[in-house]
Amino acid sequence: MSDRTILIDLATERLVIATLIKDRRVRRRYAEEISEDDFGDPKHRVIFTGLQQMDRQGLTWSEDALARMCAGKEFGGFAYLRGMLEDF
């Protein structure tokens, strides 16, 4: 068993996700530096992976496009996404 403690800051994760949603240039710039493993919240991992898939397919941001990319995986729902975007 590892003695290493990993601290998860969900507010920061939400900020990063909201920024990636709002700015495609930021998504592209950090595509190689951030991975789904950098997120502690499983919903954030799913959203991040969905955003990456959207970029690979040349899709612009929309709730419907993200829902398709998430392919039935739990991402918190549209209300969760909207709240995140409003908060940040």
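Modeller: Before angles come up, one definition: a helix axis is a line fitted to the C-alpha atoms over the stretch in contact, and the angle between two N-to-C directions runs from 0 to 180 degrees. The model is predicted.

Biologist: At what angle do H4 and H5 pack, and how far apart are their axes?

Modeller: The angle is about 125 degrees, and the axes of H4 and H5 are 11 Å apart.

Biologist: Why are H4 and H5 called oblique?

Modeller: Angles under 35 degrees count as roughly parallel, over 145 as roughly antiparallel, and 65 to 115 as roughly perpendicular. The angle of H4 and H5 is about 125 degrees, which belongs to the rest, so the pair is oblique. The crossing of H4 and H5 is right-handed.

Biologist: Which residues make the contact of H4 and H5?

Modeller: H4 contributes Glu-63, Asp-64, Leu-66 and Ala-67, and H5 contributes Phe-78, Leu-81 and Arg-82. By class, the contact of H4 with H5 has four nonpolar, no polar and three charged residues.

Biologist: What makes Arg-82 and Glu-63 a salt bridge?

Modeller: The cut-off is 4 Å between a side-chain nitrogen of Lys or Arg and a carboxyl oxygen of Asp or Glu. For Arg-82 and Glu-63 the N to O distance is 2.8 Å, so the pair qualifies. Arg-82 sits in helix H5 and Glu-63 in helix H4 (residues 63-70), 19 residues apart, and the pair links distant parts of the chain.

Biologist: Why is Arg-82 called partly exposed?

Modeller: Buried means under 20% relative accessible area and exposed means over 50%. Arg-82 has 43%, so Arg-82 falls in between.

Biologist: How many salt bridges does the structure hold?

Modeller: There are six. One of them joins Arg-14 and Asp-87, whose closest N and O atoms are 2.7 Å apart. Arg-14 is in helix H1 (residues 10-22) and Asp-87 in helix H5 (residues 77-87), and this pair connects distant parts of the chain, 73 residues apart.

Biologist: Are Arg-14 and Asp-87 buried or exposed?

Modeller: Arg-14 has 17% relative accessibility, under the 20% limit, so Arg-14 counts as buried. Asp-87 has 52%, over the 50% limit, and therefore counts as exposed.

Biologist: How do you know that Asp-41 and Lys-43 form a salt bridge?

Modeller: Their N to O distance is 3.2 Å, which is within 4 Å, so the pair meets the definition. Asp-41, at 11%, is under 20% and so is buried. Lys-43, at 23%, lies between 20% and 50% and so is partly exposed.

Biologist: What makes H1 and H5 roughly perpendicular?

Modeller: The axes of H1 and H5 cross at roughly 90 degrees and come within 9 Å. An angle of 65 to 115 degrees counts as roughly perpendicular, so the term applies to H1 and H5. The contact involves Arg-14, Ile-17, Ala-18, Ile-21 and Lys-22 of H1, with Tyr-80, Leu-81, Gly-83, Met-84, Leu-85 and Asp-87 of H5. The residues of the contact of H1 with H5 divide into seven nonpolar, one polar and three charged.

Biologist: Why are H1 and H3 called roughly parallel?

Modeller: H1 and H3 pack at about 20 degrees, with axes 11 Å apart. That angle is under 35 degrees, so H1 and H3 count as roughly parallel. The crossing of H1 and H3 is left-handed. On the H1 side are Leu-10, Glu-13, Arg-14, Ile-17, Leu-20 and Ile-21, which meet His-44, Ile-47, Phe-48 and Leu-51 in H3. The contact of H1 with H3 has seven nonpolar, one polar and two charged residues.

Biologist: Where does Trp-61 lie?

Modeller: Trp-61 is in the loop between helix H3 (42-56) and H4. Leaving aside neighbours within four places in sequence, Trp-61 is in contact with Ile-21, Leu-51, Met-54, Leu-66, Leu-81 and Leu-85. The C-alpha atoms of Trp-61 and Ile-21 are separated by 6.7 Å, although these residues are 40 residues apart along the chain.

Biologist: Why is Trp-61 called partly exposed?

Modeller: Trp-61 has 26% relative accessibility, between the limits of 20% and 50%, so that label applies.

Biologist: What is the phi of Ala-71?

Modeller: Ala-71 has a positive phi of about 45 degrees, although Ala-71 is not a glycine. Most residues other than glycine have a negative phi. Ala-71 is found in the loop between H4 and H5.

Biologist: Why does Ala-71 count as exposed?

Modeller: The relative accessibility of Ala-71 is 60%, over the 50% limit, and therefore Ala-71 counts as exposed.

Technical notes
Residues are numbered from 1 along each chain as its sequence is written. This is a predicted model: local features need pLDDT of at least 70, side-chain atom pairs count only at pLDDT 80 or more; totals for chains, interfaces and linings use all residues. Side-chain values use heavy atoms; hydrogens and water are left out. Helices (H or I, at least four residues) and strands (E, at least two) are DSSP runs, numbered from the N terminus. Buried means under 20% relative accessible area, exposed over 50%, partly exposed in between (1.4 Å probe, protein chains only). A crossing is left-handed if the near helix is turned anticlockwise from the far one by less than a right angle, and right-handed if clockwise. Contact means heavy atoms within 4.5 Å. Ala, Val, Leu, Ile, Met, Phe, Trp, Tyr, Cys and Pro count as nonpolar, Asp, Glu, Lys and Arg as charged, and the others, Gly among them, as polar.
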